[in-house]
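Subject: Structure for you to look at

Hi,

Here is the structure I promised. Please open it and read my notes alongside.

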Amino acid sequence: MKLRVPATTTNFGSGFDAFGLALNLYNFFEVFEKDAFSVEIEGEGKNLPKDENNLVIKVYKTACERYGKSVKPFFLKQTNHVPTARGLGSSATAIVGGILIFEKLHNLNLSLEDKLRLAFEFENHPDNLLPAFVGGFVLCVGGDKLLFKKLPFPEDITLVFVVPDFELSTEKARSVIKKEVPLSDAVFNIQRSSLLVASFLTKDYDLIKFAVEDRLHQPYRSELIRGFDEVLKAGYDAGAYGVFLSGAGPTVCALSPPDEADTVGKAMKEAFEKVGVSSKVLSLKAQEEGAKWLNTPSQGS
Ligand code: HSE
């Protein structure tokens, strides 16, 4: 009856389009079969479409079309905790939601590869989608073949998200990135993203601040986020291991020792305030579980 899909953070600075992590923050989707589609939204994203332009319904209907199934309209109740267009994978929750609702309503058992193929029609990079489906810290490889590896994320790291009160669409945030980069920048990122994985696995967290440095996307995207450099500095000064843009932004994420998380969040929020941007702080943990049904779907009202 009720589907829970986790928020996700991606990139971790140097791992552009490659690293994704599921978080203990969720959107919930409840489905009740009806004669026509309708949507109610509680929490975040109250301005999202409540008709058939709602992303969950669009994905569901596309899935029906691709698999030759007749559409079964439903009332969808969304209870959203994931802020929209902030770099926390809210669209991915809706895409994953639409696909899993399709699978459930039509009693199918799709492979992860099949589900991703559908999902890619709506978002063509895997780093939010894969952890939303399977949970955990995922090293993703795009392309035709489904290649990914899930690694344990360090339990002794808290993720502090400072979410500014303005939206930034992924489309806009991708449009400012250069399509071609010098070899030296590509090498810079490969070296650091490899180092980041090693620093997690060996618990050598002092390496993180070097490992999250990026030359592929953050330098361009940060121009769209007033106060980004000051917020980054405030996070480091307050004791964060590493600070970077969450996904496409504008949320800034700090990896923090659990005991320092409150101080780090407060310092970063204050840095945003100093440049006139209000924000909220979410102190989160990695979630090893991906999207899941909390009980059986209701077939009636
Ligand atoms: N890796 C993607 C990006 C995630 O940074 O554009 C956002 O959906």
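**What surrounds the ligand**

The shell around the ligand holds two nonpolar, six polar and four charged residues. Here Ala, Val, Leu, Ile, Met, Phe, Trp, Tyr, Cys and Pro count as nonpolar, Asp, Glu, Lys and Arg as charged, and the others, Gly among them, as polar.

This is a predicted model: local features need pLDDT of at least 70, side-chain atom pairs count only at pLDDT 80 or more, and totals for chains, interfaces and linings use all residues. Residues are numbered from 1 along each chain as its sequence is written, and side-chain values use heavy atoms, with hydrogens and water left out.

The shell includes Phe 16, Asp 17, His 125 and Arg 221. Domain 1 (2-152 + 286-294) and domain 2 (158-284) each give at least three residues to the shell. Those bounds come from an automatic or database domain assignment. Helix 4 (126-134) and helix 5 (170-175) each supply at least two. Helices (H or I, at least four residues) and strands (E, at least two) are DSSP runs, numbered from the N terminus.

Which side chains have a polar atom close to a ligand oxygen (N or O pairs within 3.5 Å)? Asn 11 has one at 2.8 Å. For Asn 128 the distance is 2.9 Å. For Arg 174 it is 2.6 Å. The protein covers 97% of the 260 Å² of accessible area that the ligand has on its own (Shrake-Rupley method, 1.4 Å probe).

**Two backbone details**

Gly 249 and Pro 250 are joined by a cis peptide bond, with omega about 5°. Pro 250 sits in the loop between strand 8 (242-245) and strand 9 (252-256). Phe 12 is not a glycine, yet its phi is positive, about 50°.

Best wishes

Methods:
Near = heavy atom within 4 Å. Polar contact = N/O pair within 3.5 Å; in protein donor to acceptor, adjacent residues only side chain to side chain.
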